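Dear colleague,

I am handing over the structure below, and after it you will find notes on what turned up when I went through it.

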Amino acid sequence: MLAARKQFFDISKRTFATATSEVPKVDQKFRVVVVGGGPGGLSVSSTISKLLGKNQVAVIEPSNKHYYQPLWTYVGGGLKDFNESVKPMAQVMPTNAEWIQDKVTSFDPDNNTVKLSDGQTVGYDYLVVAAGIQINWDNIKGLKEALGKDGVTSNYDADSVQKTYKFLQEFKGGNALFTFPTTPLKCPGAPTKITFLAEEIFRLNGVRDKTNVIYNHGGAKIFGVDYYGLTLQKLANERNIKTNFLHELVEINADNHQAVFKDNSKNGELKTFEYDFIHVAPPQGPPKFIKESKLADAAGWVDVNKDTLRHNKYKNVFALGDCSSLPTSKTAAAITGESGVVKHNLIADLQGKKVEQAAYDGYTSCPLIVGRDELILAEFSGYTGKPLETFPVDQRTISKTAQFLNKEVIPLIYWNGLLPGTWVGPTAVRKAFDIVRPKRD
């Protein structure tokens, strides 16, 4: 009996020692840790750090620059200067937040900690993940080596976008090729926008009659929401933009100016297209450190409730933006609405209040630029596919006013409203216009 007791005691002691050794040593701890210094992370951390004061909120972000990436379509189309899209991260970081300029390598949500690349462990009471999306350049053979050279470009890269307009201006005719991946991607309208802008540039430069504009799209249609997509496809047809759907770019052969696609409408049959200019929208996916964590769903995104944006397992974890599992388009406009929901629900937790949880309606926007002075302002719910338009007009109509709004006004709202945490989307404006909004099918 004594031997059995001793054995039980020894086993219990070893179990306790093992359990306690698994609890990580915390180097720093905060009430709220925000992973990511993009629009989602800054919007949330700005509001929460104002509420809690200094030394309570940390933002983990490795970059020393913050980019307003929706402007890059205009940069690539020669309509904006690249410098208008960038500010020092220190300039937009909330003054009350602690900026940890490092990368997250792993999450331990069971112990409320994150691990940094320098080996430090940061603890939290609440975690907000807004880490963006990972661009997988290597998934297309030859792309990284070819990018930014000899007519190969992408508006998804800070260096390459500055060469897009130069390549378009130098283009003298031939095949102008544009691609759209089969993966989810940030700003899914961007590949279509540069296609239309380029076609217009070719007309203005007098080379359109010598040019084949070819849009090889990995999806089954030009835009996911038919309400706007039908108008967009009609416009592409009118401008003689050849659309090939279910075409997935797999290789760039820069030496021979060839792009190889899988035709997924024909069991992945490989097709080779000659190009004189090519704009590539690269495949994208969840960041590796999220995909390999306990926070991820089966596809690798942060697994959150689509209404409350709270993690489905870890209730002190929220996510928003491109890294989240929310089934809506990954756009800055979506982040405006998502940030309001996260802040409402997180603040209630921090203050210990039992309030009705805010619910996100899937709102997103894709301002579809189709010319220098032409834009279709698509606003809709990614959850329902139905329009959620702000203004009391049919926003499927091409509009110069909408172009001005997107090009000149919305960037100001982004820098001065979204990042400081005061702008949470156009819901209130939409409701104000409801009284004069005409009924449409």
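Which residues of α6 meet which residues of α7? Thr164, Tyr165, Leu168 and Gln169 in α6 meet Ile194, Ala198, Ile201 and Phe202 in α7, where contact means heavy atoms within 4.5 Å. By class, these contact residues comprise 6 nonpolar, 2 polar and no charged, with Ala, Val, Leu, Ile, Met, Phe, Trp, Tyr, Cys and Pro counted as nonpolar, Asp, Glu, Lys and Arg as charged, and the others, Gly among them, as polar.

Please bear in mind that this is a predicted model, in which local features need pLDDT of at least 70 and side-chain atom pairs count only at pLDDT 80 or more, while totals for chains, interfaces and linings use all residues. Residues are numbered from 1 along each chain as its sequence is written, and side-chain values use heavy atoms, with hydrogens and water left out.

Helix α6 covers residues 161-170 and helix α7 residues 190-204, helices being DSSP runs (H or I, at least four residues) numbered from the N terminus. The two pack at an angle of about 35 degrees with their axes 9 Å apart, the axes being lines fitted to C-alpha atoms over the stretch in contact and the angles running from 0 to 180 degrees between N-to-C directions.

For residues 30-150, an unreviewed UniProt entry lists "domain: FAD/NAD(P)-binding", in the numbering used here, although such annotations may be inferred rather than shown by experiment. The end C-alpha atoms of that span lie 49 Å apart, and the span is 22% helix and 32% strand, a strand being a DSSP run (E, at least two residues).
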